[in-house]
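Subject: Handover of a structure

Hello,

I am passing this structure on to you. The sequence and the coordinates come first, and my notes on what was found follow.

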Amino acid sequence: MKTGKFHRFTNNLFSVFLVCLAILIIVTPVFANSSTWSFLAFYDGRYLSGKANGVFHTLTAGSLTNSGSIWVTMIMGGSPNGLQPWYFEVWKKNTIFDQKICTSNPVYPNVMVGRQYATTFSKNCGNIPDGKYYLVIWRSESDNREVQGSGTLTTR
């Protein structure tokens, strides 16, 4: 009689283990499908590189979307160049030559200071293989505005 209870217990334990393993296998790719990013560019800053700063995003294969928002945190006097647009490039890190995947359309931050005035953007970058990626965020000229931003790289 005791062996019957023992076998039932081990069978139930094994079933629970298999269900937990199946859930883990199903849920893990969901978490791997997105990676968040953020930046702060001082008023005279024009170029930020994830590669130079060691900030990489490990993404799974699929259709990549880079979405985010930027906002002005401070204005240092007048702007000799007018309000400058920002560009968000996604690069794939390769062993020999890195590959540019896509570049956002020009993103103009709102002229008002504060996160509540954030400008949002979204760029579909097409299908990508799994691997390490990084962002290059830049503007062509300084405009005496300190800009901050955050977003997400997502594959589906």
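A pocket, as the word is used here, is an open set of grid points with protein on both sides within 12 Å along at least five of seven lines. The model is a predicted one, so please read what follows as a description of that prediction.

The largest pocket holds about 160 Å³ of space. Its lining consists of W37, S38, F39, L48, S49, G50, N53, V55, H57, L135, V136 and I137. The elements that each give two or more residues to this lining are β1 (34–41), β2 (47–49), α2 (50–53) and β8 (131–138). Sorted by class, the lining of the largest pocket has seven nonpolar and five polar residues, and no charged ones.

The sheet

Strands of a sheet pair through backbone hydrogen bonds, in either a parallel or an antiparallel way. In this model, four strands form an open sheet in the order β1-β9-β4-β7, and the pairing is antiparallel. β1 and β7 stand at the edges with a single partner strand each, so one side of each has no neighbour in the sheet. From one strand to the next, the twist averages 15°.

Two of the pairings can be followed in detail, and both involve β4. Strand β4 (residues 62–75) pairs with strand β7 (residues 119–128) over nine bridges, in the antiparallel sense. In that pairing, L64 stands opposite G126 in β7. β4 also pairs with strand β9 (residues 145–155), again antiparallel, over 11 bridges. There, G68 stands opposite G151 in β9.

The salt bridges

Side chains of opposite charge can pair when their charged atoms come close. The structure holds four salt bridges, and three of them are described below.

E89 forms a salt bridge with K100, and the closest N and O atoms are 3.7 Å apart. This pair links distant parts of the chain: E89 belongs to strand β5 (residues 87–92) and K100 to strand β6 (residues 99–103), 11 residues apart.

R139 forms a salt bridge with D143, with the closest N and O atoms 2.6 Å apart. R139 and D143 are both buried. D143 also meets the side chain of R145 in a salt bridge, at 3.9 Å from N to O. R145 counts as buried at 11% relative accessibility, and D143 counts as buried at 0%. Through shared partners, the salt bridges join R139, D143 and R145 into one network.

Regards

Terms used: Residues numbered from 1 in each chain as written. Predicted model: local features only at pLDDT ≥ 70, side-chain atom pairs only at ≥ 80, totals over all residues. Heavy atoms only, no water. Buried < 20%, exposed > 50% of the residue type's maximum accessible area, 1.4 Å probe, protein only. 1 Å grid on protein atoms, 1.4 Å probe; cavity = no way out; pocket = protein on both sides within 12 Å on 5 of 7 lines; lining within 4 Å. Points joined across faces, edges and corners; volume = space filled by probe spheres on them. Nonpolar A, V, L, I, M, F, W, Y, C, P; charged D, E, K, R; others polar. Pairing = 2+ DSSP bridges. Axes fitted to C-alpha atoms, helices over the stretch in contact; angles between N-to-C directions.
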